[in-house]
Amino acid sequence: MATITCPRCQQIVEAQAITCPHCRLTLKAFGHPGIPLYRAIGDEYLCDRCIYHADDTCNFPQRPYAKDCTLYQDITEQQLQQQQQLDNSSFNVTFKNWLKRNQGLLLLLGLILICLIIALATT
Ligand code: SF4
Ligand SMILES: [Zn+2]
């Protein structure tokens, strides 16, 4: 069973819970377990860390002072993903460059391998 931490009382709560069974905080919007209601922690505003505030695509009236929101998307998660994509592509580039630089060596190794296979097959 998936669980989350209640943002108000910090108790472990079932991920699908619509309200926190300990402090009665509303955790899902419109009484639907599939619509998470994100909440700001402490004095922060959700918009400060939201993708749609950063790229200026949100037109919710509560922006930029939303304390709870159903559409909130954590910008740090997106940044992490972008960083990972960057890391992956830079690994690919490095690997391709290495292949290019060592083409001759790889060709030689391939030939030796073929020779070995032929030698083994004919004995
Ligand atoms: S989607 Fe919600 S949290 Fe994000 S900027 Fe708009 S109001 Fe703020
Ligand atoms: Zn709670």
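## Ground rules

Helices (H or I, at least four residues) and strands (E, at least two) are DSSP runs, numbered from the N terminus. This is a predicted model, in which local features need pLDDT of at least 70 and side-chain atom pairs count only at pLDDT 80 or more, while totals for chains, interfaces and linings use all residues. Residues are numbered from 1 along each chain as its sequence is written, with chains lettered from A and ligands numbered from 1 in the order in which they are written.

## Overall form

Let's start with the whole protein. Three helices and four strands make it up, and along the sequence they follow the pattern β-β-β-α-β-α-α. The radius of gyration (taken over C-alpha atoms) is 27 Å, well over the 14 Å that the globule rule (2.2 Å times the number of residues to the power 0.38) gives for 123 residues, so the protein is more spread out than a compact globule. Along its principal axes, the C-alpha trace spans about 80 × 35 × 20 Å.

How many of the 123 residues count as buried? The share is 8%. Here a residue is buried if 20 or more other C-beta atoms, placed from the backbone, lie within 10 Å of its own, exposed if 12 or fewer, and partly exposed in between.

Helix 3, residues 103-122, should span 28 Å, and its end C-alpha atoms are 29 Å apart, which agrees. Its count of buried residues is zero too.

Most residues other than glycine have a negative phi, and most peptide bonds are trans. D56, in the loop between helix 1 and strand 4, has a positive phi of about 60 degrees although it is not a glycine. D56 is exposed, because 8 other C-beta atoms lie within 10 Å. P64 is also placed in the loop between helix 1 (51-54) and strand 4 (68-69), and a cis peptide bond joins R63 and P64, with omega about 0 degrees.

Key. Expected span 1.5 Å × (residues − 1).
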